[in-house]
Amino acid sequence: MIRLAAMLYSLIATAIAGSAVIAVLLAGMVTWMAIVSAAAAGAVVAAPVSWLVAKRLYQGA
């Protein structure tokens, strides 16, 4: 299951981090620190999300 979670992480982290960066830019915070923080927060949040998605996929199979 860890391999599936790792593969899903590459997709989920990109989507969540990208959405967070877009949200920060739309909020008007255009400093590099705000953008990097949003991307890092998205990458951290994506780890448990990808684990939960992989777990659901394994339970359904």
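**Notes on the predicted model**

1. The structure discussed here is a predicted model. Helix α2, which covers residues 32-60, gives the largest share of this nonpolar patch, namely 3 residues.

2. Is Ile-2 buried or exposed? Its relative accessible area is 62%. Because a residue counts as exposed when this value is over 50%, Ile-2 is classed as exposed.

3. The overall fold may be considered next. The secondary structure of the protein consists of 2 helices and 0 strands. The radius of gyration is 14 Å, well over the 10 Å that the globule rule gives for 61 residues, so the protein is more spread out than a compact globule. The C-alpha trace spans about 45 × 15 × 15 Å along its principal axes.

4. Of the contacts between residues at least 6 apart in sequence, 74% join residues that are at least 24 apart. The protein exposes about 4300 Å², and carbon and sulfur atoms supply 77% of that area. Of the 61 residues in the protein, 21% are buried.

5. Ser-50 is found in helix α2. Which residues does Ser-50 touch, if those up to four places away in sequence are not counted? They are Ala-5, Leu-8, Tyr-9 and Ile-12. With a relative accessible area of 3%, Ser-50 is buried, since buried means under 20%. A polar atom of the Ser-50 side chain also lies 2.9 Å from the backbone oxygen of Ala-47.

6. Val-30 belongs to the loop between α1 and α2. Its relative accessibility is 62%, and Val-30 therefore counts as exposed. When neighbours within four places in sequence are left aside, Val-30 is in contact with Leu-25 and Ile-35.

7. How far apart in space are Val-30 and Tyr-9, C-alpha to C-alpha? The distance is 27 Å, and the two residues are 21 residues apart in sequence. Tyr-9 is also one of the residues that Ser-50 touches.

Definitions and conventions
Residues numbered from 1 in each chain as written. Predicted model: local features only at pLDDT ≥ 70, side-chain atom pairs only at ≥ 80, totals over all residues. Heavy atoms only, no water. Helix = DSSP H or I, 4+ residues; strand = E, 2+ residues; numbered from the N terminus. Buried < 20%, exposed > 50% of the residue type's maximum accessible area, 1.4 Å probe, protein only. Contact = heavy atoms within 4.5 Å. Rg over C-alpha atoms; globule rule 2.2 N^0.38 Å. Areas by Shrake-Rupley, 256 points an atom, 1.4 Å probe, with all protein chains shown as cover. Polar contact = N/O pair within 3.5 Å; in protein donor to acceptor, adjacent residues only side chain to side chain.
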